[in-house]
Amino acid sequence: MSVDVSSIRYVLAIESSCDETAAAVIDSDLEVRSSVVASQYELHRDFGGVVPEIASRAHVRRILPVIDQSLKQAGITLADVGAVAVATQPGLVGSLLVGLTAAKTLALTLDVPLIDVNHIEAHIYACRMAAGRDVFPAIGFVVSGGHSNLYDCTSPVDFELIGSTIDDAAGEAFDKVAQILGIGFPGGPAIQRVAEKGNPKAIRFPRTFLKEDRLEFSFSGLKTAVLYTAKGVPGSTKKPEPLTEQRIADIAASFQAAAVDVLVAKCEQALRQRNRNRLCVGGGVAANVRLRGQLERMAKRIGVELHVAPMSLCTDNAAMAAIAWEHLRRGRFAPLDLDVTPGLVRRKR
Ligand code: KG4
Ligand code: ZN
């Protein structure tokens, strides 16, 4: 396909990697003309986590109405779409396949280029969109329900994975702790809300690898510590303190403080190790107010430029697939036999 990129005005972006069905229209000035997100949280709430089969089925039902709505809100029709972008990695295989199938079908029938988007890179690109200017090279940090990944990013599309979790992702820890405390799903916003009334110093929870010079996270020890504090240590005769509203708030606040301390410390270590002076943070957990505040303090203290994705672009959405413009302008088009890649690709591309 010969493509004149300068004649393209609108990219239609599709996102279905986990439990949000989303579509957006982004114009050639990186202006988000529409961004529609159909959240499935009520379908997964009772399970305390995302159920892959339920997620894929919901994507199938919602993808076309969501695309229709994104076009309508942008005030364009399919005939105006110059390229179709889709997140193909990482994510739940069944969920990713729904978005990819819709994107391929549209690209084929409209005879426009298909653009392969990496969901993780898109989370970081949200910082570039908000800044309105180039923010690379930078350390990129994606903190979401599926990842706690540090990257050395030499450009918006060249990422080297330099740190990740050896067990749970940060958001997963928030979700599981919220479940232990019985305060709701998704856990991140629930913990943040409840923690407002708690004392972050009430319980000294473990901060794994905090002082170690390695770019790895581990949240399972913290999660177990919360479990034992809330419900008691198995086999012990010592009864845990009653889970009053105040006790729950104190546990939530102390957990949040421990998790945030580690997240911020590892960003600082990454910046120092790679000698970078910019930090870009995205992903659902980046919506956390305590994390945002502590990141700001750290950045100020060590003199680095901080970019945190705006709230509207933190949790999953298709607008951040604006990164497709970077691929388009580099002539990186995807073939129509493009497949999904559910796992994380560790290699430098
Ligand atoms: O990026 P995202 O929407 O989906 C993934 O790609 O995983 O992130 C969802 C995660 C959930 O674990 C949710 O609990 C967490 O982001 N989250 C938060 C907050 N808002 C969402 N975690 C902490 N504080 C928040 N305010
Ligand atoms: Zn995400």
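In this predicted model, three residues coordinate the zinc ion (ligand 2): His119 and His123, each through NE2, and Asp316 through OD. Along the chain, the donors follow the spacing H-x3-H-x192-D. His119 belongs to helix α4 (residues 119-131), whereas Asp316 sits in the loop between β11 and α10 (324-329), so this pair ties together parts that are 197 residues apart in sequence.

What is the geometry of the site of the zinc ion (ligand 2)? It is irregular, with angles of 92 to 149° among the four donor atoms. A tetrahedral label would need all angles between 85 and 135 degrees.

Are His119 and Asp316 buried or exposed? Both fall under the 20% limit for buried residues.

| Residue | Relative accessible area | Class |
|---|---|---|
| His119 | 6% | buried |
| Asp316 | 15% | buried |

Now the sheet. Six strands form an open sheet in the order β9-β8-β7-β6-β10-β11. Its pairing is mixed. The edges are held by β9 (216-217) and β11 (305-308); each has a single partner strand, so one side of each lacks a neighbour in the sheet.

Within the sheet, β7 (residues 148-155) and β8 (residues 158-165) run antiparallel and are joined by five bridges. Tyr151 has Leu161, in β8, as its bridge partner. Helix α9 (residues 289-302) packs on the sheet. This helix touches β6 (138-143), β10 (278-282) and β11. The direction of α9 makes about 165° with that of β11.

Key
Residues are numbered from 1 along each chain as its sequence is written. Chains are lettered from A and ligands numbered from 1 in the order in which they are written. This is a predicted model: local features need pLDDT of at least 70, side-chain atom pairs count only at pLDDT 80 or more; totals for chains, interfaces and linings use all residues. Side-chain values use heavy atoms; hydrogens and water are left out. Two strands pair if DSSP finds at least two bridges between them. Helices (H or I, at least four residues) and strands (E, at least two) are DSSP runs, numbered from the N terminus. Contact means heavy atoms within 4.5 Å. Axes are lines fitted to C-alpha atoms, for helices over the stretch in contact, and angles run from 0 to 180 degrees between N-to-C directions. Donors are N, O and S atoms within 2.8 Å of the metal (3.2 Å for Na, K and Ca); water is not among the atoms, so sites may look incomplete. Four donors count as tetrahedral if all angles lie between 85 and 135 degrees; four count as square planar and six as octahedral if opposite donors are over 155 degrees apart and all others between 65 and 115; anything else is irregular. Buried means under 20% relative accessible area, exposed over 50%, partly exposed in between (1.4 Å probe, protein chains only).
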